[in-house]
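Please examine the protein shown below.

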Amino acid sequence: MYILHRAEQLRRLFTTLFCFTLFGTGGLLLSLIWFNGLYLLCRNTSRRVRIARRTVCYSFRFFLFITRILGVMTYRIEGAEKLNGDKGCLILANHPTLLDYVLIASVMPDVDCLVKSKLLRNPFISGVIRACRYLPNDQHDILLAESSKRLSQGDNLLIFPAGTRTTPGVRSAFQRGAANITLRCHCPVRFIYIRNSETALTKQSRWYDVPQRKLHYTIVVGERMTADELTDPAITPISLRGRHLTRAFEEKLL
């Protein structure tokens, strides 16, 4: 029994290595070949960005299909159809693992995203971020105005309010950026809840820390709400209401 269990662990370790190699290589090839070619073939910026985001969506679907076929992980997404009618909506999700964005973007062909600026220095995904025109989180002087512009034109903006992957069993304080955007851009909020069956791909673990059992994700697309439904609209000033709204986000997602 021990030998069979150990053999299964080693199998999943090597298939996990293959999947992450596939992910990194795919991101690099998309950046060097497809996205550069797309820039030459499509000069309309809006159309080019839409094509780039759809490319990422379908690439993630293929990647997740491979992980399922190889037995690295399984996943179930509930309520994805709710996202079809969302326009100009802030998408908020908890952030337990490395693959959270991949799972959400795989069912949102045209989603925008607020990303860590340091990811622009990652050679495997920096080209993807630029091609999709995702918003770096360090551009504080234009972040609010740019978010308002994108939301007003119907883009959905994905944000992980924790700012980084959360630690299992530890309640993390959310950053206030999501609350500020919600209040100042007057946009609705859609909540997405991510649950993982095993402790893997967290901030404290490495890709090769293969769990005892196969990792399974459950992603639930939750309700869409407004700031007035989450906090008292009479609260002033707006900075105080932002703190109340941030706590409301924590209560919903943690």
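This is a predicted model: local features need pLDDT of at least 70, side-chain atom pairs count only at pLDDT 80 or more; totals for chains, interfaces and linings use all residues.

**A guided reading of the structure**

About 300 Å³ of space lies in the second largest pocket. Of the 17 residues lining this second largest pocket, Pro96, Thr166, Thr167, Pro168 and Gly169 are the closest to its centre. Strand β6 (residues 189–196) supplies the largest share of this lining, 3 residues. By class, the lining of the second largest pocket divides into 6 nonpolar, 8 polar and 3 charged residues.

The overall form may be considered next. The protein contains 8 helices and 7 strands. Its radius of gyration is 19 Å, close to the 18 Å that the globule rule gives for 254 residues, so the protein is as compact as a globular protein of that length. Along the principal axes, the C-alpha atoms fill a box of roughly 65 × 50 × 30 Å. Of the 254 residues, 48% count as buried. The protein exposes about 13,300 Å², and carbon and sulfur atoms supply 58% of that area. Among contacts between residues at least 6 apart in sequence, 76% join residues at least 24 apart.

The largest pocket holds about 1,500 Å³ of space. Its lining is made up of 48 residues, and those nearest its centre are Leu98, Tyr101, Val115, Leu119 and Ile125. Which elements each supply at least two residues of this lining? They are α1 (2–41), α2 (45–69), α3 (100–105), β3 (111–115), α4 (126–132), α5 (140–152) and α6 (177–185). The largest share, 8 residues, comes from α1. In the lining of the largest pocket, 29 residues are nonpolar, 14 are polar and 5 are charged.

The structure also holds 1 cavity of 30 Å³ or more. About 180 Å³ of space lies in the largest cavity. It is lined by 17 residues, of which Thr16, Phe20, Val72, Leu201 and Leu215 are the closest to its centre. Helices α1 and α2 each supply at least two residues of the lining of the largest cavity, and α1 provides the largest share, 4 residues. By class, this lining has 12 nonpolar, 2 polar and 3 charged residues.

Leu215 lies in strand β7 (residues 215–225). Is Leu215 buried or exposed? Its relative accessibility is 4%, under the 20% limit, so Leu215 counts as buried. Not counting residues up to four places away in sequence, Leu215 touches Val72, Met73, Thr74, Asn196, Ser197, Glu198, Ala200 and Leu201. The C-alpha atoms of Leu215 and Phe60 are separated by 17 Å, and these two residues are 155 residues apart along the chain. Leu201 is located in the loop between β6 and β7, and it also counts as buried, at 11% relative accessibility.

Leaving aside its neighbours within four places in sequence, Ser147 is in contact with Leu135, Leu157, Ile181 and Cys185.

Finally, the backbone may be considered. Most residues other than glycine have a negative phi, and most peptide bonds are trans. Against this background, His186, which follows α6, has a positive phi, near 50°. His186 is placed in the loop between α6 and β6. The relative accessible area of His186 is 70%, so His186 is exposed. Leu201 likewise has a positive phi, of about 60°, although it is not a glycine. Thus His186 is exposed, whereas Leu201 is buried. A cis peptide bond, with omega about -5°, joins Thr236 and Pro237. Pro237 lies in the loop between α7 and α8.

Methods
Residues are numbered from 1 along each chain as its sequence is written. Side-chain values use heavy atoms; hydrogens and water are left out. On a 1 Å grid over the protein atoms alone, a cavity is a set of points where a 1.4 Å probe fits but cannot get out, and a pocket is an open set with protein on both sides within 12 Å along at least five of seven lines; lining residues have an atom within 4 Å of a point. Grid points are joined across faces, edges and corners, and a volume is the space filled by probe spheres set on the points. Ala, Val, Leu, Ile, Met, Phe, Trp, Tyr, Cys and Pro count as nonpolar, Asp, Glu, Lys and Arg as charged, and the others, Gly among them, as polar. Buried means under 20% relative accessible area, exposed over 50%, partly exposed in between (1.4 Å probe, protein chains only). Contact means heavy atoms within 4.5 Å. The radius of gyration is taken over C-alpha atoms; the globule rule is 2.2 Å times the number of residues to the power 0.38. Accessible areas come from the Shrake-Rupley method with a 1.4 Å probe; for residues, only the protein chains shown count as cover.
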